[in-house]
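Hi there,

Here is the structure I promised to pass on to you. Please open it and keep it beside you while you read the rest of this email.

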Amino acid sequence: MTALAASGPVATRDVVRPAARALRVALVGNPNCGKSTLFNALTGRRQRVANYPGVTVERVEGSYVRDGASVTVLDLPGTYSLSPDSPDEAIALDVVHGRARGIDPVDVMVVVLDAENLERHLFLATQVLELGLPAVLVLNRSDRLAAAGMSIDVVELIHTLGAVVVPAVATTGEGIERLRHAIARAVQLPKSWMSERPLDAAGGPGARYRWIASVMARTVTRAPRTGRSMSDRVDAVLLHGAWGPLIFLSVMAIAFQALFTVAHPLADGMQAILNAGAAGLRATLPAGNLQSLLVDGVLGGVGSVLVFVPQIAILFLFIGVLEDSGYLARAAFVMDRYMRPLGLQGKSVIPLLSGYACAVPAILATRTIQHTKERLATTMVVPLISCSARLPVYALLIAAFIPATSVAGFFTLQGIALLAMYLLGTVAALGSAMLFRRTILRSATRALIIELPPYVLPSARVLAATVWQRVAVFLRRAGTVIFAISVLLWALESYPRATRAAAADVQLSQSALGHIGHAVEPAVRPLGLDWKIGVAMAASFAAREVFVSTMATMYGVSRGSGESGALAGRLREARGADGRLSYSRAAAFGLLAFYVFALMCTSTIAVTVRETGGGWRGVGWAAFQFTYMLALAWGSAFMVYRAGLAIGLGGFA
Amino acid sequence: MWIDRMSVAVILLAASAYLARRVVRRVASAFGRGASSGACGTDCACGNDFGTDPRGAHSK
């Protein structure tokens with residue numbers, strides 16, 4: 001297939017590019033056409049990809065070397081046209097027009113087209129060709145044409161557009177070498193005739209649509225459709241008013257149960273490795289400060305968080321399958337029906353759903369929302385959605401205070417409790433959004449226009465890469481910030497030294513950490529909690545997982561051998577100085593509620609400052625977000641605790 | 001005995017310095033200065049390979 005010919009009226013191009021500078025290429029295209037997958041295929045990078053529109057909201061750079069020359073590739077957020085609607089589209093267009101601050105002008109535009117939806121994608125492509133920049137068009141996902149009963153006459157398309165068209169399949173790498181060749185030659189090829197005769201100028205606003213329709217008639221052949229497609233039939237069930245939400249809830253319930261059932265043996269294995277490490281350190285190092293720091297502080301603290309790696313991996317595997325199969329966009333569609341009355345725009349759904357992984361990219365994803373007040377309201381409530389950092393805290397407290405009683409076969413009370421935590425966060429996010437949209441952020445609500453991506457069987461390779469990437473982020477946090485905080489907490493609980501013979505509990509109570517704990521105790525006492533939990537809560541404002549590592553350090557988990565549930569067991573059986581059990585179920589449920597609502601993430605605070613305007617304005621919004629969430633967290637914990645006492649949960653687990 | 005105390009002191013100092021630097025970078029990032037590799041210092045779970053974009057690919 002000839003993909004590099006070009007025809008049409010010829011205009012010579014006078015591109016002057018210093019020989020030393022790398023060729024700069026920008027990937028543009030509609031949302032969810034596969035730009036980031038193509039970017040990864042071209043550059044070998046691992047930019048995040050998923051099967052829904054709006055994954056990329058910032059420009060990202062990568063590069064490759066061809067024939068000894070470096071080529072820089074810019075991956076841009078998707079846009080439907082060259083007139084921006086939202087901040088993420090504006091980012092793409094600033095680069096296209098060469099207006100982006102601190103970014104060198106682009107030499108070649110690579111317009112990515114979804115071969116199955118060529119008609120809609122040609123709208124942007126023709127606008128880009130009119131700019132007169134060297135351009136290469138990529139017919140991505142061309143492998144799906146046969147299954148869809150379509151074929152495209154690429155040579156005719158090349159002749160009609162007067163531009164290079166390369167068929168490719170970004171997910172498999174097919175056509176990528178041809179594309180690299182086309183990019184290298186693009187600056188020497190003549191401009192498309194469209195740069196001389198823009199379509200709108202010739203025949204008014206409708207002219208572009210009419211012209212594209214005529215191109216489609218000449219270049220695309222479709223087999224006549226017989227009945228409803230498989231995708232339509234699946235959608236009829238998944239998008240059904242009653243079945244849709246029910247199926248969504250069932251899928252979530254199964255996933256959360258799997259977090260407990262499937263991850264348990266893996267967590268035990270991880271704990272065994274950590275125990276062996278602790279035993280090895282004890283055998284190697286003489287008893288003293290260093291041994292105590294490494295075994296009790298570092299292994300006890302970091303290890304208690306590492307035990308949750310299997311659960312984190314399963315959570316991200318689940319999210320990855322939802323994203324890549326095309327189900328996430330459907331879930332957005334289903335949720336939209338319930339969100340509109342609350343004053344949230346349909347486009348808020350994707351950021352909210354992204355929040356289950358991490359609030360930071362979710363807040364960045366609000367850039368797809370055009371209207372400032374809707375975007376602000378979404379940003380303010382996104383951190384209420386339970387992110388992956390909360391999972392270790394939920395898992396620990398649920399394992400400690402909720403029995404694994406079986407309900408309805410596969411499901412246990414623990415799995416259902418975990419699902420309830422996620423639902424509670426979601427309901428709180430929607431409720432708060434409604435409140436904000438009816439008070440401080442009032443404006444009209446717009447309808448959801450979302451492109452439903454095709455159903456795809458998720459690729460095991462892509463899923464494995466996604467899960468590993470996110471587990472690696474978790475491991476990096478454990479190895480850096482949680483490591484450093486564990487070291488400091490060990491020092492705070494080890495000094496000043498009580499008398500040599502003092503019991504561990506007396507040492508802890510008289511240490512610097514003990515003094516801090518007793519100082520914060522009045523804030524947590526009304527919640528039925530003691531100073532130890534108070535210290536762990538205070539420390540977890542640095543990162544939520546630190547709650548687990550702090551409790552592990554204080555309860556000396558590394559000093560005893562055992563399975564992954566050792567810390568949960570210690571919490572359940574902890575006793576105060578008076579010999580009574582320390583924590584009631586009512587207090588534990590209140591603590592769970594606190595972690596659902598509290599904003600304990602410096603990354604989220606930093607990104608809120610930036611995305612709400614930066615400077616003191618941004619600080620103001622971030623302060624508001626932090627304060628209302630803290631008030632909600634404390635208030636809910638208090639109410640849950642009191643309600644628990646009232647219904648007889650003041651007894652102990 | 002002194003080597004035991006010295007090792008602990010060095011580890012403590014390194015951990016404190018790391019956390020202090022992290023706080024400074026986080027504040028600088030919030031105000032759009034300094035951070036060049038990620039909207040937030042890159043340790044979120046978003047999975048984006050932000051890499052080392054020298055031209056502030058993360059600024060709006």
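Below are my notes on the salt bridges, with a few pairs you can look up yourself.

Please keep in mind that this is a predicted model. Over all chains, the structure holds 13 salt bridges.

Where do A:Glu611 and A:Arg367 lie in chain A? A:Glu611 belongs to helix α26 (residues 602-611), while A:Arg367 is in the loop between α15 (359-365) and α16 (372-381), so the pair ties together parts that are 244 residues apart in sequence. Both A:Glu611 and A:Arg367 are buried.

Next, have a look at A:Arg525 and A:Glu521. Their side chains form a salt bridge too, with 2.7 Å from N to O. Are these two residues buried or exposed? A:Arg525 is partly exposed, at a relative accessible area of 46%. A:Glu521 counts as buried because its relative accessibility is 15%, which is under the 20% cut-off.

Finally, there is a network of salt bridges that links A:Arg66, A:Asp67, A:Glu177 and A:Arg180. Within it, A:Asp67 pairs with A:Arg66, and their closest N and O atoms are 3.9 Å apart. A:Asp67 is exposed, with a relative accessible area of 73%, whereas A:Arg66 is buried, with 18%.

Best wishes

How values were computed: Residues are numbered from 1 along each chain as its sequence is written. Chains are lettered from A and ligands numbered from 1 in the order in which they are written. This is a predicted model: local features need pLDDT of at least 70, side-chain atom pairs count only at pLDDT 80 or more; totals for chains, interfaces and linings use all residues. Side-chain values use heavy atoms; hydrogens and water are left out. A salt bridge is a side-chain nitrogen of Lys or Arg within 4 Å of a carboxyl oxygen of Asp or Glu. Buried means under 20% relative accessible area, exposed over 50%, partly exposed in between (1.4 Å probe, protein chains only). Helices (H or I, at least four residues) and strands (E, at least two) are DSSP runs, numbered from the N terminus.
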